[in-house]
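User: Hello! I am new to this structure and would like to walk through it with a few questions. Could you help me?

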Amino acid sequence: MKKVWFITGSSSGLGRILTEAILLKGEIVVATARTPSKLQDLINKYQEQILVLELDVTNQGQIQKAVSDTISKFGRIDVLVNNAGFGITGATEAFTNEQVQSQFIANLLAPVEICRAVLPYMRKQKSGRILNLSSVGGLVASIGLSIYQSAWASVRH
(Lines give C-alpha, C1' and ligand atoms only; values in the text may rest on other atoms or scores of the structure.)
Protein backbone atom coordinates (compact mmCIF):
# COMPACT_ATOMS: atom_id res chain seq x y z
CA MET A 1 0.00 0.00 0.00
CA LYS A 2 1.32 3.43 -0.91
CA LYS A 3 1.94 5.75 2.00
CA VAL A 4 0.24 9.15 2.20
CA TRP A 5 2.74 11.91 2.99
CA PHE A 6 1.58 15.34 4.19
CA ILE A 7 4.41 17.81 3.59
CA THR A 8 4.34 21.50 4.53
CA GLY A 9 6.38 24.02 2.58
CA SER A 10 6.46 21.87 -0.57
CA SER A 11 6.99 24.63 -3.12
CA SER A 12 10.68 25.37 -2.51
CA GLY A 13 13.89 24.31 -0.84
CA LEU A 14 14.06 21.08 1.12
CA GLY A 15 10.27 20.66 1.02
CA ARG A 16 10.30 20.71 -2.79
CA ILE A 17 13.20 18.27 -2.98
CA LEU A 18 11.53 15.89 -0.51
CA THR A 19 8.19 16.13 -2.34
CA GLU A 20 9.82 15.22 -5.65
CA ALA A 21 11.78 12.33 -4.10
CA ILE A 22 8.68 10.82 -2.48
CA LEU A 23 6.70 11.14 -5.71
CA LEU A 24 9.54 9.49 -7.63
CA LYS A 25 9.30 6.54 -5.21
CA GLY A 26 5.65 6.15 -6.21
CA GLU A 27 4.14 7.31 -2.93
CA ILE A 28 1.22 9.75 -2.51
CA VAL A 29 2.03 13.31 -1.48
CA VAL A 30 -0.24 15.99 -0.13
CA ALA A 31 1.97 18.93 -1.02
CA THR A 32 1.06 22.08 0.86
CA ALA A 33 2.25 25.57 0.05
CA ARG A 34 1.22 29.19 0.44
CA THR A 35 1.43 29.45 -3.36
CA PRO A 36 0.13 26.17 -4.81
CA SER A 37 0.70 27.33 -8.40
CA LYS A 38 4.44 26.82 -7.83
CA LEU A 39 3.72 23.08 -7.86
CA GLN A 40 1.92 22.98 -11.22
CA ASP A 41 4.77 21.07 -12.90
CA LEU A 42 4.47 18.30 -10.31
CA ILE A 43 0.69 18.21 -10.71
CA ASN A 44 1.18 17.76 -14.47
CA LYS A 45 3.77 14.99 -14.02
CA TYR A 46 2.28 13.11 -11.04
CA GLN A 47 -1.43 13.87 -11.24
CA GLU A 48 -2.48 10.49 -9.79
CA GLN A 49 -0.06 10.72 -6.83
CA ILE A 50 -0.31 14.34 -5.70
CA LEU A 51 -2.84 16.55 -4.02
CA VAL A 52 -1.75 20.18 -3.78
CA LEU A 53 -3.37 22.27 -1.07
CA GLU A 54 -2.99 25.90 -0.14
CA LEU A 55 -1.65 26.19 3.38
CA ASP A 56 -0.27 29.09 5.32
CA VAL A 57 0.95 27.24 8.42
CA THR A 58 0.22 30.27 10.58
CA ASN A 59 -3.49 30.03 9.75
CA GLN A 60 -5.22 27.52 12.05
CA GLY A 61 -8.32 27.38 9.85
CA GLN A 62 -6.22 26.44 6.84
CA ILE A 63 -4.41 23.79 8.88
CA GLN A 64 -7.70 22.16 9.87
CA LYS A 65 -9.04 22.35 6.30
CA ALA A 66 -5.89 20.87 4.75
CA VAL A 67 -5.87 17.95 7.18
CA SER A 68 -9.61 17.39 6.73
CA ASP A 69 -9.32 17.53 2.92
CA THR A 70 -6.48 14.98 3.08
CA ILE A 71 -8.48 12.59 5.23
CA SER A 72 -11.54 13.03 2.99
CA LYS A 73 -9.55 12.13 -0.12
CA PHE A 74 -7.19 9.41 1.17
CA GLY A 75 -8.63 8.29 4.51
CA ARG A 76 -5.32 8.59 6.32
CA ILE A 77 -2.00 10.37 6.79
CA ASP A 78 0.94 8.01 7.17
CA VAL A 79 3.78 10.54 7.36
CA LEU A 80 3.62 14.18 8.43
CA VAL A 81 6.59 16.34 7.51
CA ASN A 82 6.62 19.73 9.23
CA ASN A 83 9.03 21.51 6.93
CA ALA A 84 7.60 25.00 6.36
CA GLY A 85 9.43 27.89 7.96
CA PHE A 86 11.25 31.09 7.21
CA GLY A 87 13.86 33.41 8.60
CA ILE A 88 14.41 37.11 8.93
CA THR A 89 17.79 38.76 9.29
CA GLY A 90 18.93 41.89 11.04
CA ALA A 91 19.85 43.37 14.38
CA THR A 92 17.80 42.00 17.26
CA GLU A 93 16.86 45.44 18.56
CA ALA A 94 15.58 46.49 15.13
CA PHE A 95 12.86 43.85 14.88
CA THR A 96 9.27 44.78 15.63
CA ASN A 97 7.18 42.69 18.00
CA GLU A 98 5.21 41.46 14.99
CA GLN A 99 8.38 40.26 13.28
CA VAL A 100 9.54 38.41 16.38
CA GLN A 101 6.13 36.83 16.84
CA SER A 102 5.98 35.78 13.17
CA GLN A 103 9.21 33.80 13.60
CA PHE A 104 7.96 31.91 16.64
CA ILE A 105 4.52 31.31 15.17
CA ALA A 106 5.79 29.94 11.83
CA ASN A 107 8.81 28.04 13.08
CA LEU A 108 7.69 26.77 16.50
CA LEU A 109 3.94 27.04 17.09
CA ALA A 110 2.73 26.07 13.61
CA PRO A 111 4.35 22.62 13.68
CA VAL A 112 2.73 22.04 17.08
CA GLU A 113 -0.69 22.99 15.68
CA ILE A 114 -0.24 20.74 12.64
CA CYS A 115 0.74 17.83 14.89
CA ARG A 116 -2.34 18.48 17.01
CA ALA A 117 -4.50 18.34 13.88
CA VAL A 118 -2.94 15.14 12.52
CA LEU A 119 -2.37 13.10 15.70
CA PRO A 120 -6.01 12.13 16.30
CA TYR A 121 -6.08 10.46 12.87
CA MET A 122 -2.77 8.71 13.42
CA ARG A 123 -3.97 7.46 16.79
CA LYS A 124 -7.20 6.18 15.22
CA GLN A 125 -5.28 4.35 12.48
CA LYS A 126 -2.72 3.16 15.10
CA SER A 127 0.20 4.15 12.93
CA GLY A 128 2.05 7.11 11.51
CA ARG A 129 5.30 9.02 11.59
CA ILE A 130 5.96 12.69 12.28
CA LEU A 131 9.12 14.38 11.01
CA ASN A 132 9.66 17.85 12.45
CA LEU A 133 12.45 19.47 10.48
CA SER A 134 14.60 22.06 12.15
CA SER A 135 17.64 24.16 11.39
CA VAL A 136 21.28 23.96 12.36
CA GLY A 137 20.59 27.57 13.35
CA GLY A 138 19.06 26.19 16.53
CA LEU A 139 22.50 24.95 17.56
CA VAL A 140 24.98 27.36 15.99
CA ALA A 141 24.74 31.14 16.28
CA SER A 142 25.16 33.41 13.25
CA ILE A 143 25.28 37.18 13.07
CA GLY A 144 21.92 38.72 12.17
CA LEU A 145 19.83 35.60 12.75
CA SER A 146 19.13 35.82 16.49
CA ILE A 147 15.33 35.72 16.30
CA TYR A 148 15.22 32.98 13.65
CA GLN A 149 17.72 30.89 15.59
CA SER A 150 15.89 31.41 18.87
CA ALA A 151 12.73 29.97 17.35
CA TRP A 152 14.60 26.92 16.03
CA ALA A 153 16.49 26.42 19.29
CA SER A 154 13.08 26.14 20.97
CA VAL A 155 12.12 23.40 18.51
CA ARG A 156 15.27 21.39 19.16
CA HIS A 157 15.11 21.42 22.97
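Predicted model: local features only at pLDDT ≥ 70, side-chain atom pairs only at ≥ 80, totals over all residues.

User: Is Arg-16 buried or exposed?
Analyst: A residue counts as buried under 20% relative accessible area. Arg-16 has 15% relative accessibility, so Arg-16 is buried.

User: Which residues do salt bridges that share partners join into one network?
Analyst: Let's look at another salt bridge, where the side chains of Arg-16 and Glu-20 meet at 2.7 Å, N to O. These two are four residues apart in helix α1 (residues 13–24), so about one helical turn separates them. Arg-16 also forms a salt bridge with Asp-41. In helix α4, the side chains of Arg-116 and Glu-113 form a salt bridge too, at 3.3 Å. The network built from shared partners consists of Arg-16, Glu-20 and Asp-41.

User: In what order do the five strands form the open sheet?
Analyst: Good one to trace on the model! The pairing is parallel, and the edge strands, which pair on one side only, are β3 (50–54) and β5 (129–132). Five bridges join β2 (residues 28–33) to β3.

Note on methods
Residues numbered from 1 in each chain as written. Heavy atoms only, no water. Pairing = 2+ DSSP bridges. Salt bridge = Lys/Arg side-chain N within 4 Å of Asp/Glu carboxyl O. Buried < 20%, exposed > 50% of the residue type's maximum accessible area, 1.4 Å probe, protein only.
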